[in-house]
Amino acid sequence: MAKIELSPEDSLRLNVLLLAEPVQAVRIDEGAMTLHALRAKGEAKIKLHPDCRADQYITRLKEFLGGHALGSPRGYPVYLQQWTRMGQTSGKNLEALLLLGEPEAVVAVAHAPGLTDELARRIWWCQPTMEIARSMLERDTVAQGVMGKVLADFLIEHLPFEENPDARMHTIRLVLHARLADPQMMAKLWRQAKGSPYYFIGFLEFMPGNLPADQPARADEAEASALLKPLADNGNRYAERFLSLLSANGQTYLRAVSEVLARPATTLVVYAVLDAISRYFHTMGYPVASEVLDDVFAEAEALLHGQPGKPPEILELLQAAPRYRESIVAMLALSGLTGRTADPWLARNTTVGALMRRRIETLVAPINQAIQTLRTPLPQGNGWA
C-alpha cells in the first residue's frame, strides 16, 4: 500500500489528534483549508498546509482519514455512494463514516436505519441542512430524543427559505407528527396555512380532533346533539363522528380541507389531503367499499336504504335524525375517499399550480359540495320529516 503523503506538519498534528483522544466526527472546510474535529470535550481544528494543489491535497487528506477510519486508502468507498442514501448502510460502520470528512458519507448516516440520537448530534455538527434535518426527524429515536426539538426548531425557522411546496408540507408533517411544536409554534403555522393551505395537511393528519379551532360550531349542532348524543353515548360510531363534524373543531377541519382543495400546489398535496380525510373516518370502519369517485357517492346514498352486511348503526342514525339525511350522505361519501380516488386525474399528471387545479376540477367539485353540505345548518321550523 502506497504511503499517503501529507505535509510533515499536518501529518504530525493529525496523528496526534486521532490517537490522543477519540474523535466523534470530522468536517473539512475546503475554502479555509481547515479540518475540524468533534471530540467529547469540544471541537479541535487544524489549519492545513498543502504542499500541492488544494484539490489534490484534500484528496490526500480524505484518503488519510479513510485509512484511519475504515482501513481503506481510498477514503469514502465509491460503491457506498450508490446505495447509502437508500438507508442500507451497516450500523457498525455509521460512526466510522462520520470520520471521513465526506459530505456524502454524512448524508448516508442521516438516512441509515440504525441512526441514534447521539449520531444525529454528530451529524448535525457536520452538516446542518434542511434535507438532513428532515431525514433524521423521520426516525422516532431522533424525534423523541434530545435532537428532535433542535431539528424541529431549525426546520420551522428556515421554512420560509424552502422553495419546494412538497418539502415544506413534509416539514410540517414531521414536526407535528413528533409533537415537537409548542402552542406558539402551532398557532404561527396555522396562521401561515391561510396563505399556504398545504400547511394544513400536517394538522389534518396528526391532530384532527384538536385543531386550533377558528370556526364556530354549526348553528344546528345543539339540535343534532339532542337527537344523536344518546346514540353516540351508546357506541354508535356514525352518530359520534357526525356530531364531531358539526362541532367547532369539525367545522374547522372541513374548512381547512376545502382550503387545501381550493389551492393545491402539487399532486402530492392532493393525494395527501385525500388520505388525511380517509384516516379521519377510520373509526367508522369504511362502510363505502369503492374508491372510485362516482361510486363513492352512489354507495353513500345506497347505504341509507339499508344493505345486507352493512352496519345497522347507519340506519339507526338516519332514523334518529331523518332531517339530516343530506348531511349524513355527505359524511359517508367523504369517508370513502382515499388518495387512490385521485388516480384518474393525477396518476400520469406532471402539471402543478393553476394548470393542475383546472385538471382536477371535476374531482374537487363533488367533494367540495359534500363539505359545503356538512357546513350548512338546516333551517329551523321545518319539522322532522
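1. Helix α15, residues 248-262, contributes four residues to the lining of the largest cavity, the most of any element. The model is predicted, and the points below should be read with that in mind.

2. By class, the lining has three nonpolar residues, one polar and three charged.

3. How many cavities of 30 Å³ or more does the structure hold? There is one. The space in the largest cavity comes to about 30 Å³.

4. Turning to helix packing, α13 (residues 221-233) and α14 (residues 237-246) have axes 9 Å apart, at an angle of about 155 degrees. Angles over 145 degrees count as roughly antiparallel, so α13 is roughly antiparallel to α14. The crossing of α13 past α14 is left-handed.

5. On the α13 side of this contact are Glu 221, Ala 224, Ser 225, Leu 228, Lys 229, Leu 231 and Ala 232. They meet Ala 239, Glu 240, Phe 242, Leu 243 and Leu 246 on the α14 side. Eight of the residues in the contact of α13 with α14 are nonpolar, one is polar and three are charged.

6. Which residues make the contact between α6 and α7? From α6 they are Ala 120, Ile 123 and Trp 124, and from α7 they are Ile 132, Ala 133 and Met 136. The contact of α6 with α7 has six nonpolar residues, with no polar and no charged ones. The contact of α13 with α14, by comparison, includes three charged residues and one polar residue.

Conventions. Residues numbered from 1 in each chain as written. Predicted model: local features only at pLDDT ≥ 70, side-chain atom pairs only at ≥ 80, totals over all residues. Heavy atoms only, no water. Axes fitted to C-alpha atoms, helices over the stretch in contact; angles between N-to-C directions. Helix = DSSP H or I, 4+ residues; strand = E, 2+ residues; numbered from the N terminus. Parallel < 35°, antiparallel > 145°, perpendicular 65-115°, else oblique. Left-handed = near helix turned anticlockwise from the far one by under 90°. Contact = heavy atoms within 4.5 Å. Nonpolar A, V, L, I, M, F, W, Y, C, P; charged D, E, K, R; others polar. 1 Å grid on protein atoms, 1.4 Å probe; cavity = no way out; pocket = protein on both sides within 12 Å on 5 of 7 lines; lining within 4 Å. Points joined across faces, edges and corners; volume = space filled by probe spheres on them.
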